[in-house]
Amino acid sequence: IVNVWYSVNGERLGTYNGHTGAVWCVDADWDTRHVLTGSADNSCRLWDCETGKQLALVKTSSAVRTCGFDFGGNIIMFSTDKQMGYQCFVSFFDLRDPSQIENNEPYMKIPCSDSKITSAVWGPLGEFIIAGHESGELNQFSAKVREQLSNIKEHTKQINDIQTSRDMTMFITASKDNTAKLFDCTTLEHLKTFRTERPVNSAALSPIFDHVVLGGGQEAMDVTTTSTRIGKFEARFFHLAFEEEFGRVKGHFGPINSVAFHPDGKSYSSGGEDGYVRIHYFDPQYFEFEFEA
């Protein structure tokens, strides 16, 4: 079940009911009118954000792992898993043409035969998407013509998460190889590396400072065999330019699966395997320190 919460006081405003399997991805369009969700029940669904009404349902052959709206909110993309004899595909639908959804015929479908996509985001101006793979590869897939624009491999293991900077010039990847890496959105040039001693499940870029937050921990199935002190479940803060760690925030007692900054940069949230989403507001000193530095 997908939930919408009021982040100021933690009140749950409502739910989007319909999925019958784990929900792997959620995205809202730029004016928060529509919500897109992808699930292990082999479906991608479009919802009215305010009422929770299901507007569209796209059935797939395997689980939907990633999904997202382009910048204008007119085109959606989602990727499916490589499983049960089906290969991984990226599908593009134009919401301005209702027949595409009704007939389940995307205007473009790109196969990914080598390695399944584990994370994907739209690039600037909706020209292409950036996809991270199970193998550690990064691709750019054009949203206009059926082709792969570029391909690099900087990670040695699966890419768990991709998030862009506020101006969409850069993006950060989180990987099972214990690193997060910063790249240029257009050229895929590798810019920075942030190293930890455990798998990184999620990484986010601050919209107002040169700061990065990483979340992760050991594999979820190993958690019961170690204490929370050894498990290292803190959110970790690094400086974007210097690649140095300058802070940690404890709280979760399981691996962190996702992290995100508030758009105003004054708080961040983390969601963990322990079943909690924690919202942390930064101290006033955090802002003073940065301006002095």
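Modeller: The account below begins with the division of the chain, turns to the salt bridges, and ends with the surface.

The model is a predicted one. The protein chain is divided into domain 1, residues 1-113, and domain 2, residues 115-292. Their contact takes 24 residues from domain 1 and 20 residues from domain 2. Taken over C-alpha atoms, the centres of domain 1 and domain 2 are separated by 22 Å. The size of an interface is often given as the accessible area lost when the parts come together. For domain 1 and domain 2, the area buried between them is about 1,600 Å², and carbon and sulfur atoms give 69% of that area. On the side of domain 1, Met77, Met108 and Ile110 lose the most area to domain 2, and together they account for 25% of what that side buries.

Between domain 1 and domain 2 the count is 1 salt bridge. The side chains of Lys116 and Asp81 also meet in a salt bridge, at 3.6 Å from N to O. For the model, the count comes to 10 salt bridges.

Several of these pairs can be described together with the exposure of their residues. Asp41 forms a salt bridge with Arg45, and the closest N and O atoms are 3.5 Å apart. Asp41 has a relative accessible area of 19%, and is therefore buried, the limit being under 20%. Arg45 is likewise buried, because its relative accessible area is 11%.

A further pair is formed by Glu234 and Arg198, with the closest N and O atoms 3.8 Å apart. This pair links distant parts of the chain, for Glu234 is in the loop between α2 (228-231) and β21 (235-239), while Arg198 is in the loop between β18 (190-195) and β19 (200-205), 36 residues apart. Glu234 counts as buried because its relative accessibility is 11%. Arg198 also counts as buried, with a relative accessibility of 5%.

Arg248 forms a salt bridge with Glu245, and here the closest N and O atoms are 2.5 Å apart. Arg248 is partly exposed, with a relative accessible area of 41%. Glu245 counts as partly exposed as well, at 28% relative accessibility. Both of these pairs belong to a network of salt bridges, in which Glu197, Arg198, Glu234, Arg236, Glu245 and Arg248 are linked.

The surface also has a nonpolar part. Tyr6, Val8, Leu13, Val277, Ile279 and Tyr281 form a nonpolar patch there, and together they have about 630 Å² of accessible area. Strand β25, residues 277-281, gives the most to this patch, with 3 residues. Ile279 is found in strand β25.

Tyr276 lies in the loop between β24 (267-272) and β25. Tyr276 counts as partly exposed, at 47% relative accessibility. Residues up to four places away in sequence aside, Tyr276 touches His252, Phe253, Ser270 and Gly271. Tyr276 and Phe261 are 15 residues apart in sequence, and their C-alpha atoms are 16 Å apart in space.

Conventions. Residues numbered from 1 in each chain as written. Predicted model: local features only at pLDDT ≥ 70, side-chain atom pairs only at ≥ 80, totals over all residues. Heavy atoms only, no water. Patch = residues over 30% accessible without salt bridge, like charges linked within 9 Å, V, L, I, M, F, W, Y side chains within 5 Å. Areas by Shrake-Rupley, 256 points an atom, 1.4 Å probe, with all protein chains shown as cover. Salt bridge = Lys/Arg side-chain N within 4 Å of Asp/Glu carboxyl O. Helix = DSSP H or I, 4+ residues; strand = E, 2+ residues; numbered from the N terminus. Domains from an automatic or database assignment. Contact = heavy atoms within 4.5 Å. Buried area = accessible area lost by both parts, 1.4 Å probe. Buried < 20%, exposed > 50% of the residue type's maximum accessible area, 1.4 Å probe, protein only.
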